Every structure is written in C-alpha cells, then in structure tokens.
Amino acid sequence: MLNVVFKRYSYPATVWLVVLVAAAWGGNLIYALGAPGGLAKEYAPALVATAMISFCTIHGMARYGGRLFAGFVATVFLIGWTFETVSILTGIPFGTYHYTEMMAPFLGHVPVFVLPAYGVMGYVSWSLASLILGHRRARLDAHGARWVPVLASGLMVIWDLSMDPLRASVEGRWIWVDGGAHHGVPVLNYFGWFVVTWLMFKVFAALTHRFAQQAPKACDTHPSWRAVPAIYLAFSVEYLVNPLTGHGLATDIIVNGQAIKAQVIFLDTALLAGVTMVPMALLGVVCLWRPDWVRARLLRSDIKTATRTGGWRWNR
C-alpha cells in the first residue's frame with residue numbers, strides 16, 4: 001500500500017519527511033535545553049524516536065518496499081542484540097560495560113529501546129552513505145556493496161564519538177567498568193562499533209542483491225533523498241547546543257575516578273560533531289546535485305580499475 005502511495009503522491013510524502021525532520025531537530029533541541037531530571041529530558045526522546053522511526057519507515061518503504069526494508073530491520077536487530085549481549089558477558093567486541101536500570105525494560109541483558117536506536121541510526125547512516133557514493137538504487141553493484149557498508153559504518157562511529165560519552169559518563173545510562181580514554185569510554189568500543197555495524201551493512205548489501213528486484217522502480221530519483229542529510233544532522237543538534245545551555249557548568253560527574261564538570265564533555269563532543277557529522281551531512285547536500293563529485297575524487301583508483309577490467313558500473 002505504501003509503495004502505491006509513494007508512486008502517486010511523492011510530493012506529499014516528501015512534505016511529511018520534512019515535517020518529521022523538523023520534529024527530530026526540535027525534539028533534540030528541547031532535550032538539550034531541558035534541565036537535568038526535568039520533564040523535557042523525560043519526554044523529548046519520545047518525540048525524537050517517533051519522528052526518526054517514522055522517517056526511516058517512510059523512506060525505507062519508498063526505496064526498498066516492505067519485504068526488503070523489513071530485512072534491514074531484522075538484520076540490524078539480530079546482529080545488534082547478539083553482539084551487545086556477547087560484549088556485556090565477555091567484554092568483546094566493545095569492552096566491558098553494563099546497562100543501568102534507567103534503560104529498562106530489557107531483552108536479556110540488552111535494553112529493548114537500544115534496538116530501535118540501532119535501526120534508526122543504521123538506516124540513516126546507510127542512506128547518507130548511499131547518497132554520498134552515488135548508489136541510490138535499491139540493488140547495489142559490486143562496488144557499492146564494497147564501499148557503502150564501509151562509509152555507513154564510519155558515519156555510525158563518528159555519531160557514537162559524541163553520543164557515547166554523553167549517555168554513559170554524563171547521564172549514567174550505561175557503565176564502562178574499566179573506564180576509557182575518551183571521557184570514560186574505551187577506544188576499543190569504537191573499533192568494535194565499526195566492525196559490528198560493517199557486518200550489519202554487509203549482510204544487508206547481500207540481501208539487496210537477492211531481493212532488490214521487488215523494490216520500487218523509481219527509488220533512485222525519489223525526492224525524499226533531499227531530507228537524508230538533514231535527518232542525519234538532527235542527531236548533532238543536541239551535541240552542538242549542549243555547551244550553550246549552562247547545564248554542564250552546574251553538573252559534576254566522575255570520569256575515570258576523577259571529578260570534572262560535564263561542560264568538559266559537552267565542549268569536546270560539540271567540537272567532534274562539528275568537525276565530523278556536520279561536514280558529512282554537508283557533503284551529502286553537495287551530492288544531491290552533483291552525484292559524480294565524490295566518485296570522481298575519492299574513488300578515482302577504482303574507476304581506473306573498472307575501466308581497465310570492464311568491472312562494476314555506477315548506479316545513480
């Protein structure tokens with residue numbers, strides 16, 4: 001049913017996506033401005049989650065259709081839950097940590113609400129990577145199957161660089177038992193995050209090769225692509241605004257056994273988001289109108305190889 005809607009009414013669908021992007025930005029802004037322990041901190045995440053999940057569902061259905069989009073969600077949930085559980089029990093691949101009761105309810109050792117977070121950020125990162133590398137069609141060719149998972153995993157990691165210290169060290173939603181060099185978060189976490197998310201995306205890339213013929217035919221030209229950089233950037237709104245609220249100056253926290261002001265983490269994560277997430281979203285904007293820009297500059301060696309061997313061909 002949604003596929004029919006998108007084929008006939010792409011403009012209204014795009015308007016809804018813009019509304020959802022605005023809701024996600026607004027929800028993250030409210031969360032950043034809210035006082036610690038206040039109502040804004042309690043209820044703003046529901047607005048953000050609703051907007052993000054709705055966005056991913058609409059865009060995913062337009063690009064892949066119901067069956068393949070469900071395959072993405074199932075892949076992310078299964079692999080994410082498995083490696084979260086393994087790491088909580090063994091310390092591999094993320095490090096030794098455990099979730100606090102703030103994250104209840106749980107599915108085994110993993111909070112239920114972590115899985116939608118995997119799905120949302122995973123799909124947004126996958127979509128932005130597809131946009132930047134010029135692979136908007138549902139089915140990836142050999143080159144897309146190689147590079148889109150790599151870039152999507154990188155986009156997940158740079159998000160986690162800002163998110164994890166805030167949620168763990170400042171808010172105490174999970175505890176890193178042995179601390180870590182990045183404001184209480186071990187560096188191993190980010191290597192593990194890259195590997196696990198890369199595995200998710202590689203599995204889904206294989207699914208696109210098998211089932212993408214069932215996807216909507218016009219998914220590569222659908223106007224909903226224009227909203228992808230903005231929805232990725234929505235995650236950074238909170239991180240960029242945090243240092244301006246003044247809450248960090250009034251909040252003392254313990255990181256690696258030492259007392260510091262939360263403002264230290266607010267400033268560092270804002271800087272990280274500003275030099276990583278923001279430029280990648282802007283690159284996505286450039287690639288909306290110049291899809292060959294990255295291909296010509298960052299992947300020149302692969303283009304030469306393809307020309308010489310008669311290998312992959314680019315999709316738009």
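The structure is a predicted model, in which local features require pLDDT of at least 70 and side-chain atom pairs count only at pLDDT 80 or more, whereas totals for chains, interfaces and linings use all residues. Residues are numbered from 1 along each chain as its sequence is written, and side-chain values rest on heavy atoms, with hydrogens and water left out.

## Overall architecture

The protein chain contains eleven helices and six strands. Of its 316 residues, 53% count as buried. Here buried means under 20% relative accessible area, exposed means over 50%, and partly exposed lies in between (1.4 Å probe, protein chains only).

The accessible surface of the chain is about 14400 Å², and carbon and sulfur atoms contribute 69% of that area. Accessible areas were computed by the Shrake-Rupley method with a 1.4 Å probe, and for residues only the protein chains shown count as cover. Among contacts with a separation of 6 or more, 75% are between residues 24 or more positions apart; a contact means heavy atoms within 4.5 Å.

## Helix 3 and the segment after it

Helix 3 spans residues 39–90 and has 52 residues, yet its end C-alpha atoms are only 36 Å apart. A straight helix would reach 76 Å at 1.5 Å a residue, the expected span being 1.5 Å times one less than the number of residues. Helix 3 bends by about 110° at Gly 65, where the bend is the angle between axes fitted to the seven residues ending at that position and the seven starting there. Gly 91 follows helix 3 and has a positive phi, near 90°.

The loop between helix 3 and strand 1 holds Pro 93, and the peptide bond from Ile 92 to Pro 93 is cis. Strand 1 covers residues 97–99 and includes Tyr 97, which is buried at 4% relative accessible area. Leaving aside residues up to four places away in sequence, Tyr 97 touches Glu 84, Ser 87, Ile 88, Ile 175, Trp 176 and Val 177.

## Salt bridges

The whole structure has four salt bridges, each defined as a side-chain nitrogen of Lys or Arg within 4 Å of a carboxyl oxygen of Asp or Glu. Arg 167 pairs with Glu 171 at an N to O distance of 3.2 Å. Arg 167 also pairs with Glu 238, the closest N and O atoms being 2.6 Å apart. Because Glu 238 lies in helix 7 (residues 228–245) and Arg 167 in helix 5 (residues 142–170), this pair ties together parts that are 71 residues apart in sequence. Both Glu 238 and Arg 167 are buried, the latter at 14% relative accessibility.

A further salt bridge joins the side chains of Lys 261 and Asp 252 at 3.0 Å, N to O. Lys 261 is partly exposed at 36% relative accessibility, while Asp 252 is exposed at 56%. Salt bridges with shared partners link Arg 167, Glu 171, Arg 173 and Glu 238 into one network.

Most residues other than glycine have a negative phi, and most peptide bonds are trans. The table lists sites that depart from these patterns.

| Site | Backbone value |
|---|---|
| Ile 92 to Pro 93 | cis, omega near 10° |
| Ala 104 to Pro 105 | cis, omega about 5° |
| His 183 | positive phi, about 50° |
| Asn 256 | positive phi, near 55° |

Pro 105 sits in the loop between strand 1 and strand 2 (106–107). His 183 belongs to the loop between strand 4 (174–176) and helix 6 (187–211) and is buried at 16% relative accessibility. Asn 256 is in the loop between strand 5 (252–255) and strand 6 (258–261), and is partly exposed at 47% relative accessibility.

## Cysteines

A disulfide is a covalent bond between the sulfur atoms of two cysteines. With the criterion of a pair of cysteine sulfur atoms within 2.5 Å, the count of disulfides is zero. Cys 56 is buried at 4% relative accessible area, and Cys 287 is buried at 0% relative accessibility.

Definitions and conventions. Helices (H or I, at least four residues) and strands (E, at least two) are DSSP runs, numbered from the N terminus.
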